[in-house]
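Try each task by yourself, then follow the solution step by step.

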Amino acid sequence: MVNYIEASSAPSKNTGAIRLYDAQAFEGMRKACQLTARCLDALADIVKPGLVTDDIDRFVFDFGMDHGAQPATLNYRGYTKSTCTSINHVVCHGIPNDKPLREGDIVNIDVTFVLDGWHGDSSRMYPVGTVKRAAERLLEVTYEALMRGISAVRPGARTGAIGESIQTFAEAERCSVVRDFCGHGVGRLFHDSPNILHYGRANEGPELREGMIFTIEPMINLGRPHVKVLADGWTAVTRDRSLSAQYEHTVGVTSDGCEIFTLSPGGLDRPGLPSFAG
Ligand code: MF3
Ligand code: CO
Ligand code: CO
């Protein structure tokens, strides 16, 4: 049994009910998400071999400050950075450090800005210099998986339709879907109901309704789906050390589909890959 709640009435904690947002909220989310997208666009120019991930973190922090926004991850549940940088076999929640990126790496940069109380959450993969064909293919498969998940979003469908679309495509491409992390409701809160699984069946999960806002953020591996979290309590890696990739958009459900709030204004949704699909 699922409950729905007017978003304006209880903005402060995740009660398990799914919030329905109005047009004014959609406008707030559009602004926060476009700021996040512009930051991710700007990063496409600076990600290169030799760049230290702490410099990415500093760039994100400064970009937020310059535009009146806070990085949501800063001091979130003990996390002390403004972004996550997840390299190669790191699945998600990689912590920026003093190590340089190397030619051939693939790195996910995940940014969430809070602007006027609204959370804009998005991540993209960045190839560092020239990468191997297998890595490039994983990025293509993962972005396409995200877009197939987004295509399943419409009122009346269930959250499981998103997961089924992603899983069916990724597994047909001989890749695997990480089960241990999922997308989430987002808006006034960073992580809210519902959970958006990136696997499953179309008849599972709560029904989507106009006004819901959530992320879709599939993590896709070249090898097996299993992950472990390192001793730092955050960094999630593939158990078999195979390459992992992730892209994330924040979307709002409309009367006939959805609006992608975090689309790149510069056509850089897939940095380093052609900006058209396929
Ligand atoms: N931005 C991540 C997400 O997509 C969450 C990062 S939480 C952190 O939900 F603490 F690890 F930064
Ligand atoms: Co997210
Ligand atoms: Co994110």
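**Exercise 1. Find the bridge partner of isoleucine 220 in E15.**

Solution. Start at isoleucine 220 and look across to E15, where its bridge partner is alanine 245. Next, take the strands themselves: strand E12 (residues 219-221) and E15 run antiparallel and are joined by three bridges. Strands here are DSSP runs of E with at least two residues, helices are runs of H or I with at least four, and both are numbered from the N terminus. Two strands pair if DSSP finds at least two bridges between them. Now widen the view to an open sheet of three strands, ordered E8-E12-E15 with antiparallel pairing. E8 and strand E15 (244-246) are at its edges with a single partner strand each, so one side of each has no neighbour in the sheet.

A word on the basis of these exercises: this is a predicted model, in which local features need pLDDT of at least 70 and side-chain atom pairs count only at pLDDT 80 or more, while totals for chains, interfaces and linings use all residues. Residues are numbered from 1 along each chain as its sequence is written, chains are lettered from A and ligands numbered from 1 in the order in which they are written, and side-chain values use heavy atoms, with hydrogens and water left out.

**Exercise 2. Describe the open sheet with the order E5-E14-E13.**

Solution. First, the pairing: this open sheet of three strands is antiparallel. Then the edges: strand E5 (90-92) and strand E13 (227-229) each pair on one side only. On average, neighbouring strands of the sheet are turned by 40° against each other, direction ignored; the axes are lines fitted to C-alpha atoms, for helices over the stretch in contact, with angles from 0 to 180 degrees between N-to-C directions. Finally, zoom in: E13 pairs with strand E14 (residues 236-238) over three bridges in the antiparallel sense, and alanine 236 in E14 is the bridge partner of valine 229.

**Exercise 3. Which residues come nearest to ligand 1?**

Solution. Of the 14 residues around ligand 1, the nearest are Thr73, His184, His191, Glu217 and Glu248 (a residue is near if one of its heavy atoms lies within 4 Å). Sorting the shell by type gives five nonpolar, five polar and four charged residues. Here Ala, Val, Leu, Ile, Met, Phe, Trp, Tyr, Cys and Pro count as nonpolar, Asp, Glu, Lys and Arg as charged, and the others, Gly among them, as polar.

Now look at individual atom pairs. An N or O atom in the side chain of glutamate 217 is 2.8 Å from an oxygen atom of ligand 1. For histidine 184, a polar side-chain atom lies 3.0 Å from an oxygen atom of the ligand, and for aspartate 110 one lies 3.1 Å from a ligand nitrogen atom. Taken alone, ligand 1 exposes 340 Å², and the protein buries 96% of that.

**Exercise 4. Where does aspartate 116 lie, and is it buried or exposed?**

Solution. Aspartate 116 is in the loop between strand E6 (106-115) and strand E7 (118-127). Its relative accessibility is 62%, so aspartate 116 counts as exposed (buried is under 20% relative accessible area, exposed over 50%, partly exposed in between, with a 1.4 Å probe and protein chains only). Now check the backbone: aspartate 116 has a positive phi of about 50°, although it is not a glycine. Most residues other than glycine have a negative phi.

Notes. A polar contact is a pair of N or O atoms within 3.5 Å; within protein, one must be able to donate a hydrogen and the other to accept it, and residues adjacent in sequence count only if both atoms are side-chain atoms. Accessible areas come from the Shrake-Rupley method with a 1.4 Å probe; for residues, only the protein chains shown count as cover.
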